[in-house]
Amino acid sequence: MPDSYHIEVLRQAAPDEPVNTEPAIAALDAPLTPTEALFVRNNGTVPEAEAGWTLSVTGLVARPLHLSPTALRSRFPTAELTSVLECAGNGRRHLSPAVEGQQWGDGAVGCARWTGVRLADVLREAGVDARAVYVGFHSPDHVIGKPGAPALSRGLPIAKALAAETLIAFAMNGEALTPLHGAPLRIVAPGFPGSAWQKWLREIRVLDREHDGAKMTGLDYRMPRTPLKPGDATEGVPFDVITDMPVKSLITAPQEGFAARGKVSVRGFAWSGHVPVAQVEVSADGGASWQPACLAPEAERWAWRRFEAELDLSAGPAEIMARATDTNGTAQPLDAVWNPRGYLNNAVHRVRG
Ligand SMILES: Nc1nc2c(c(=O)[nH]1)N[C@H]1C(S)=C(S)[C@@H](COP(=O)(O)O)O[C@H]1N2
Ligand SMILES: [Mo]
């Protein structure tokens with residue numbers, strides 16, 4: 001863990017802009033990302049966790065629930081896990097040609113400890129109807145300047161909503177959630193993109209069809225079912241909601257512009273969505289040859305895993321690359337794969353010295 005690091009603010013909270021922040025990669029060189037170093041992704045305002053906050057469970061349920069955060073905590077068993085949180089648009093900056101959207105570098109990702117209750121326990125208490133296929137999430141944040149327009153209302157397929165790892169969290173890294181990260185309650189949906197991790201949760205609606213809330217439809221957080229090339233028309237092309245994150249790795253040391261030569265220690269983290277990481281390799285010759293990195297065992301299913309290697313850089317300036325492969329044998333591509341909204345860029349991470 002470095003002594004100090006800076007957090008690059010990509011978009012400052014100008015009156016007409018949501019707050020979005022991205023840390024320098026040095027800030028991510030720790031198994032648990034410090035709360036102040038975790039990226040922030042807001043689509044609208046930051047609501048206040050005012051007194052009287054109620055979480056409602058409505059829709060296709062036998063017994064609708066209305067609970068304060070305190071009642072939620074006392075009524076259901078506490079569940080805790082460590083999980084990566086990554087924005088689907090992380091790495092968008094590397095796409096060519098460029099696509100619109102938040103121009104994230106490689107830092108819209110982190111790994112934190114989450115404490116809450118299982119969404120499944122709450123849904124079972126409410127009594128989910130057999131027709132349920134999806135849950136929709138609702139929050140009070142709104143488009144800046146448009147108080148009536150929800151900023152984001154996403155959801156989860158019912159199977160993921162009922163999965164043991166899906167939480168309604170009230171704490172992060174052992175402390176109450178901060179306003180920027182969704183206080184008082186947020187969804188934790190390991191393996192899904194950050195967009196599914198609804199912040200400032202106020203209502204969970206059980207539905208008999210895929211949710212169609214703000215930024216659930218159109219091209220938002222969706223991938224074309226078949227690959228598109230830049231300039232291709234998107235009309236009539238089926239786009240599917242992103243429900244899984246690809247295998248990926250990040251070199252956290254050395255940093256871009258490093259001066260070390262000779263035998264250089266390389267380290268970072270590897271993670272994946274629902275298909276676990278199998279191995280990590282590193283290269284110093286542009287991907288012509290790869291050597292295995294030492295990968296820490298999977299201590300926690302959804303946490304990122306440390307990798308370490310030693311590379312011979314005595315030949316001079318080099319570009320270091322890391323490539324993770326999942327248990328299906330799918331490896332990170334060498335270059336970003338273009339798509340209309342710039343999602344799921346899991347190209348190998350390159351650090352130049
Ligand atoms: N209510 C609400 N929840 C939200 C968002 C939002 O704009 N509003 N942004 C989502 C997106 S796109 C991401 S990547 C994560 C980011 O979580 P963080 O800001 O805690 O890092 O929150 C998600 N939850
Ligand atoms: Mo996101």
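Here is a short tour with stops at a ligand and some strands.

**Before you click.** This is a predicted model, in which local features need pLDDT of at least 70, side-chain atom pairs count only at pLDDT 80 or more, and totals for chains, interfaces and linings use all residues. Residues are numbered from 1 along each chain as its sequence is written, chains are lettered from A and ligands numbered from 1 in the order in which they are written, and side-chain values use heavy atoms, with hydrogens and water left out.

**Stop 1: the ligand.** Select ligand 1 and show what lies around it: 20 residues surround ligand 1, and the closest are F39, D141, H181, R186 and K199. (Being near means having a heavy atom within 4 Å.) Now zoom in on some polar contacts, that is, pairs of N or O atoms within 3.5 Å. A side-chain N or O atom of R186 is 2.7 Å from an oxygen atom of ligand 1. From the backbone, an N or O atom of N43 lies 2.8 Å from a ligand 1 oxygen, and one of R41 lies 3.0 Å from a ligand 1 oxygen. Taken alone, ligand 1 exposes 530 Å², and the protein buries 100% of that (areas by the Shrake-Rupley method with a 1.4 Å probe).

**Stop 2: a five-strand sheet.** Strands here are DSSP runs of E, at least two residues long, numbered from the N terminus, and two strands pair if DSSP finds at least two bridges between them. Colour the open sheet with the order β5-β4-β13-β8-β9, which has mixed pairing. Its edge strands, β5 (65–67) and β9 (155–157), each pair on one side only. Next, pick β8 (134–138) and β13 (203–207): they run antiparallel and are joined by five bridges. Which residue in β13 is the bridge partner of F137? Click on I204.

**Stop 3: a four-strand sheet.** Move on to the open sheet β19-β18-β22-β23, where the pairing is antiparallel. At its edges are β19 (291–292) and β23 (349–352), each pairing on one side only. Select β18 (277–283) and β22 (319–326) to find six bridges between them; E281 has R323 in β22 as its bridge partner.

**Stop 4: around β17.** Finally, highlight β17 (263–271), which is joined to β16 (248–253) by five bridges, running antiparallel.

Terms used:
Polar contact = N/O pair within 3.5 Å; in protein donor to acceptor, adjacent residues only side chain to side chain.
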